[in-house]
Amino acid sequence: MVLGMTTPGGFEPVFCTIVPPHVLDKLAEQADPVLSGPARRTLQRDAFERTHRSLTTVIGAPAVAPRAGDEPEKPQRTIYDARHGTDLPGKKVRGEGEEPGKDATVNRAYAALGATFEHFLKVYGRNSIDGAGMPLDATVHYDREYNNAFWNGEQMVFGDGDGEIFLDFTIPLDVIGHELTHGVIQHTANLTYYGQPGALNESVADVFGALIKQYSLGQSATEADWLIGAGLLAPRVTGVALRSMKAPGTAYDDDVLGKDPQPATMDDYVRTGRDNGGVHINSGIPNHAFYLFATELGGNAWERAGQVWYDVLTGGEVAQDASFADFATLTVKAARARYGDADELEAVGKAWEQVGVRTP
């Protein structure tokens with residue numbers, strides 16, 4: 001979830017969580033306090049952090065600049081431990097270049113920040129989240145049984161999960177890539193977080209989260225699982241991930257969580273006032289379009305398919321209130337500009353057509 005207000009600099013500081021509110025709401029309604037307690041506390045903590053983020057936006061947050069002595073185009077990671085408290089950032093436990101310690105959560109967070117930095121730099125030539133070497137900070141062991149991870153406009157924060165429904169939030173690389181990509185969106189297209197532009201915001205974060213995982217694993221488009229959050233759900237949950245880009249609506253079907261509500265095409269578009277107009281739900285449609293585009297092309301999805309999405313994200317033409325059709329039109333334009341009247345152009349148009357979004 002993202003909340004923000006446009007600042008004088010044009011960027012929208014955000015508060016973004018990986019677990020959608022409709023999932024936590026479902027858990028909070030359970031009669032078993034083992035399930036409902038952590039969910040309710042997580043919702044309360046998220047509400048507090050969201051309000052804090054909003055107030056910080058009004059007051060004005062300091063710009064995050066590269067630290068003195070930082071090497072250009074090298075990650076500058078710092079991991080902090082909240083020690084199950086909520087004061088941020090917490091105690092510093094690992095800095096850039098320091099050897100791994102005994103805490104696997106710290107080590108996973110450090111590695112994932114590095115994998116995300118490397119992907120954006122080596123594939124797209126982007127120097128960190130803001131394109132100007134922004135340091136990457138993360139806090140682990142946040143709160144107790146906290147069922148979420150979030151990007152607050154300045155840093156990453158990870159809960160340990162309740163162990164019943166969610167495991168440690170540093171486990172899935174794509175979750176971390178997703179959250180950090182919200183930072184990239186914040187500094188580029190700055191898509192409004194409501195309705196279709198909000199769903200695009202969520203979808204773009206999913207797309208690059210998936211690409212970061214695929215790049216790290218060396219997986220082609222056909223080899224990848226196209227799941228967001230695989231490994232995050234506890235064994236008792238009937239499901240494989242939070243979302244599926246390959247088959248939206250199939251990530252989970254559980255007696256506690258309910259059924260994954262994501263549609264794959266516009267025929268099943270969900271109209272709702274909840275979740276900022278269904279941003280975590282309808283993102284399944286552009287997610288599926290990207291999956292169809294990438295698998296039609298084959299090879300490594302981060303190369304041609306990912307490049308088209310990145311060109312749109314950073315090209316300066318996508319409006320903050322862009323609809324699915326607006327974004328789709330720009331992907332066709334970007335494919336033509338980069339690749340001409342080749343396979344890429346035909347594949348992207350076909351992908352959007354298959355999900356029911358019209359392009360010229």
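Contact here means heavy atoms within 4.5 Å. In this predicted model, Ala115 is in contact with Leu173 and Ile212, leaving aside its neighbours within four places in sequence. Leu173 is 58 residues from Ala115 in sequence. The C-alpha atoms of Ala115 and Leu173 are 8.4 Å apart in space. Ala115 sits in helix H3, which spans residues 104–124. Its relative accessible area is 15%. Buried means under 20%, so Ala115 counts as buried.

Helix H3 also takes part in covering another helix, H8. Helix H8 runs over residues 304–314. Of its 11 residues, 9 are buried, so H8 is largely enclosed by the rest of the structure. The buried residues of H8 are Ala305, Gly306, Gln307, Val308, Trp309, Tyr310, Asp311, Val312 and Leu313. Their cover includes H3, together with helix H4 (173–186) and helix H5 (195–217). Helix H7 (284–297), helix H9 (324–339) and helix H10 (343–354) are also included in that cover. Gly316 follows H8 and has a positive phi, near 85 degrees.

The unreviewed entry assigns "domain: Peptidase M4 C-terminal" to residues 189–357. This span is 50% helix and 5% strand. Its end C-alpha atoms lie 20 Å apart.

At the level of the whole protein chain, there are 10 helices and 10 strands. The radius of gyration is 19 Å. For 360 residues, a compact globule would have a value near 21 Å, so the chain agrees with that expectation. Along the principal axes, the C-alpha atoms fill a box of roughly 55 × 55 × 40 Å. Of the 360 residues, 58% count as buried. Contacts were also sorted by sequence separation. Among those with a separation of 6 or more, 62% join residues 24 or more positions apart.

The accessible surface of the protein chain comes to about 14,300 Å². Carbon and sulfur atoms account for 49% of that surface. The chain carries 31 positive and 49 negative charges.

Notes:
Residues numbered from 1 in each chain as written. Predicted model: local features only at pLDDT ≥ 70, side-chain atom pairs only at ≥ 80, totals over all residues. Heavy atoms only, no water. Helix = DSSP H or I, 4+ residues; strand = E, 2+ residues; numbered from the N terminus. Buried < 20%, exposed > 50% of the residue type's maximum accessible area, 1.4 Å probe, protein only. UniProt positions renumbered as here; feature names shortened; annotations may be inferred. Rg over C-alpha atoms; globule rule 2.2 N^0.38 Å. Areas by Shrake-Rupley, 256 points an atom, 1.4 Å probe, with all protein chains shown as cover. Lys, Arg positive; Asp, Glu negative; His and termini not counted. Charge placed at Lys NZ, Arg CZ, Asp CG, Glu CD.
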